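User: I have a model open and want a quick walk through it. Can we go piece by piece?

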Amino acid sequence: ERGIELVMRESGFTEKITGADLIITGEGRIDKTSAQGKTLSGITAAASLRNIPVVALAGSVEEGAALAQEIGLDAIIPICHKSLPLEQAMAQGKALLESTAANLAHLKGLRDETD
């Protein structure tokens, strides 16, 4: 059994996404292997059955990342620039992720009118 299937079943993932308008997931790196049965493929499979778009925030986006879009990923958003050294990116990971997520939340339709 694939690990993602076990985690999704035990966490009740399918039930938890019912009624969702969008799923935002995170990956350390998205590359040509991301579509090959990893977490991302399990999330996109469950979401596609319910017509829920999926956006991935990624620490890095490498060659072959477009393959992830072939399995149902709607958008890939890197949280840092390639010019940032890995050590610095890791040290600033939390702030980079928070900033990227805040920018994503400002997209029209993703914010609650009371925010």
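User: Start with Gln69. How exposed is Gln69, as relative accessible area?
Analyst: Gln69 is partly exposed, at a relative accessible area of 39%. Buried means under 20%, exposed over 50%, and partly exposed in between, with a 1.4 Å probe and protein chains only. This is a predicted model: local features need pLDDT of at least 70, side-chain atom pairs count only at pLDDT 80 or more, and totals for chains, interfaces and linings use all residues. Residues are numbered from 1 along each chain as its sequence is written, and side-chain values use heavy atoms, with hydrogens and water left out.

User: Where is Gln69 placed?
Analyst: Gln69 sits in helix α4. Helices are DSSP runs of H or I with at least four residues, strands are runs of E with at least two, and both are numbered from the N terminus.

User: What is Gln69 in contact with, leaving aside neighbours within four places in sequence?
Analyst: Asp74, Ala75 and Ile76 are in contact with Gln69. Contact means heavy atoms within 4.5 Å. As for Val55, its C-alpha atom is separated from that of Gln69 by 9.9 Å, and the two residues are 14 apart along the chain.

User: Where is confidence lowest, and where is it highest?
Analyst: It is lowest in α4, with a mean of 81, and highest in α2, at 94. The score is pLDDT, the predictor's confidence in each residue, from 0 to 100. For the chain, the mean pLDDT is 84, and 92% of residues reach 70 or more. Where pLDDT is low, the predicted coordinates should not be read in detail.

User: Now the sheet. What is the strand order, and is the pairing parallel or antiparallel?
Analyst: The order is β1-β2-β3, in an open sheet with parallel pairing. β1 (23-30) and β3 (75-78) are at the edges with a single partner strand each, so one side of each lacks a neighbour in the sheet. Neighbouring strands are turned by 30° against each other on average, direction ignored. Two strands count as paired if DSSP finds at least two bridges between them.

User: How many bridges join β2 and β3?
Analyst: Four bridges, in the parallel sense, with β2 covering residues 54-61. Ala58 stands opposite Pro78 in β3.

User: Which strands does helix α6 touch?
Analyst: α6 (residues 93-105) packs on the sheet and touches β1, β2 and β3. Its direction makes about 150° with that of β2. Helix α3 (residues 39-48) lies across β1 and β2, at about 155° to β1. Axes are lines fitted to C-alpha atoms, for helices over the stretch in contact, and angles run from 0 to 180 degrees between N-to-C directions.

User: How many residues of α3 are buried?
Analyst: Seven of its 10 residues, so α3 is mostly covered. Among them are Leu40, Gly42, Ile43 and Thr44. The cover includes α1 (3-11), α2 (13-17), β1, β2 and α4 (66-70).

User: And Ser41, buried or exposed?
Analyst: Ser41 is buried, with a relative accessible area of 12%. Not counting residues up to four places away in sequence, Ser41 touches Arg2, Ser34, Ala35 and Ile71.

User: Which residues touch the most other members in the largest nonpolar core?
Analyst: Phe13, Ile17, Ile23, Ile30, Leu40, Val54 and Leu73, out of 18 residues. The largest share, four residues, comes from α3. A nonpolar core is a set of buried Ala, Val, Leu, Ile, Met, Phe, Trp, Tyr and Cys residues joined through side-chain atoms within 4.5 Å.

User: What does the second core include?
Analyst: That separate core has seven residues, including Val55, Leu57, Cys80 and Ala89.

User: Switching to charges. How many salt bridges are there in the whole structure?
Analyst: A search finds four. A salt bridge is a side-chain nitrogen of Lys or Arg within 4 Å of a carboxyl oxygen of Asp or Glu. Arg2 and Glu5 form one, at 3.1 Å, N to O. Another joins Asp31 and Arg29, with the closest N and O atoms 3.0 Å apart.

User: Asp31, buried or exposed?
Analyst: Asp31 counts as buried, at 10% relative accessibility.
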